[in-house]
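Okay, thanks for making time, everyone.

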Amino acid sequence: MANVEKQLMVVGIDDSEHSIYALNWTLDRFFLPFASNSPFRLVLVHAKPTPASAVGLAGPGAAEVLPYVDSDLKRIAARVIDKAKEICTSKSVENVTCEVVEGDARNVLCEAVEKHHASILVVGSHGYGAIKRAVLGSVSDYCTHHAHCSVMIVKKPKIKH
């Protein structure tokens with residue numbers, strides 16, 4: 001039997017509960033524990049904002065603040081990757097590649113799709129309304145229009161009281 005190369009799945013991760021839910025949802029449905037017969041290889045991508053974009057200020061004193069902001073962003077990125085690896089390990093999913101790429105999440109995820117020739121991109125939905133989405137922009141909306149692969153948007157169910 002010929003050795004068929006697996007398709008690649010990119011999952012965008014950040015420090016939000018929506019991202020963690022999307023990762024768990026994806027692992028539960030597409031990756032069986034210790035199974036080598038999953039149809040996908042998995043790459044987790046975290047977009048680390050640039051210090052300047054995170055601070056959003058310019059002028060006197062900005063240069064002194066940026067190294068501290070960058071240090072904090074690196075710490076957050078390491079925490080996000082560690083948590084994602086822990087989730088994969090807890091579900092016995094092995095051979096996961098993790099990447100931290102500096103830049104805007106929209107561009108980083110679309111570039112990761114191109115770089116890895118991904119078949120599918122998975123992103124969590126923050127569930128923003130129309131106004132917040134218009135002001136902040138939607139990573140999932142951008143990716144559905146610009147990524148050169150299928151995009152799966154995983155929404156966390158609303159809890160009804």
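Predicted model: local features only at pLDDT ≥ 70, side-chain atom pairs only at ≥ 80, totals over all residues.

The protein has six helices and five strands, and if you read along the sequence you get β-α-β-α-α-β-α-β-α-α-β. Of its 161 residues, 37% are buried. The accessible surface comes to about 10,000 Å², with 55% of that belonging to carbon and sulfur atoms. And if you take the contacts with a separation of 6 or more, 78% of them are between residues 24 or more positions apart.

As a general point, nonpolar side chains in soluble globular proteins tend to be buried together. Here, the largest nonpolar core has 21 residues, and the ones with the most contacts inside it are Met 9, Val 11, Leu 27, Leu 42 and Leu 44. Which elements supply at least two residues each? Those are β1, α1, β2, α3, β4 and β5. The biggest giver is α3, with five residues. Apart from that core there's another one, of 16 residues, and Val 43, Val 45, Leu 109 and Ala 118 are among them.

Leaving out residues up to four places away in sequence, Met 9 touches a whole list, including Phe 30, Phe 40, Leu 42, Ile 120 and Val 122.

Two of those names bring us to the rings. There are two aromatic pairs in the structure. In one of them, Phe 30 and Phe 40 have ring centres 5.9 Å apart and planes at 80°, so that's an edge-to-face pair. Phe 30 sits in helix α1 and Phe 40 in strand β2, so the pair ties together parts 10 residues apart in sequence. Phe 40 is buried, at 14% relative accessible area, while Phe 30 is partly exposed at 26%. Ring pairs also bring Trp 25 into a cluster with Phe 30 and Phe 40.

Cys 98 is partly exposed, at 24% relative accessibility. Cys 149 itself is buried, with a relative accessible area of 17%.

Last stop, two single residues. Is Asp 15 buried or exposed? Exposed, at 54% relative accessibility. Asp 15 is in the loop between β1 and α1. Setting aside residues up to four places away in sequence, Asp 15 touches Ile 76 and Val 80. Val 80 is 65 residues away along the chain, yet the two C-alpha atoms are separated by 5.7 Å.

Then there's Ser 140, in helix α6, which covers residues 139-146. Ser 140 counts as buried, at 12% relative accessibility. The side chain of Ser 140 makes a 3.1 Å polar contact with the side chain of Ser 138. Leaving aside neighbours within four places in sequence, Ser 140 is in contact with Val 123 and Ile 153.

That's my tour, so over to you for questions.

Terms used: Residues numbered from 1 in each chain as written. Heavy atoms only, no water. Buried < 20%, exposed > 50% of the residue type's maximum accessible area, 1.4 Å probe, protein only. Core = buried A, V, L, I, M, F, W, Y, C linked by side-chain atoms within 4.5 Å. Helix = DSSP H or I, 4+ residues; strand = E, 2+ residues; numbered from the N terminus. Contact = heavy atoms within 4.5 Å. Polar contact = N/O pair within 3.5 Å; in protein donor to acceptor, adjacent residues only side chain to side chain. Areas by Shrake-Rupley, 256 points an atom, 1.4 Å probe, with all protein chains shown as cover. Phe/Tyr/Trp six-rings, centres within 6.5 Å; stacked < 30°, edge-to-face > 60°.
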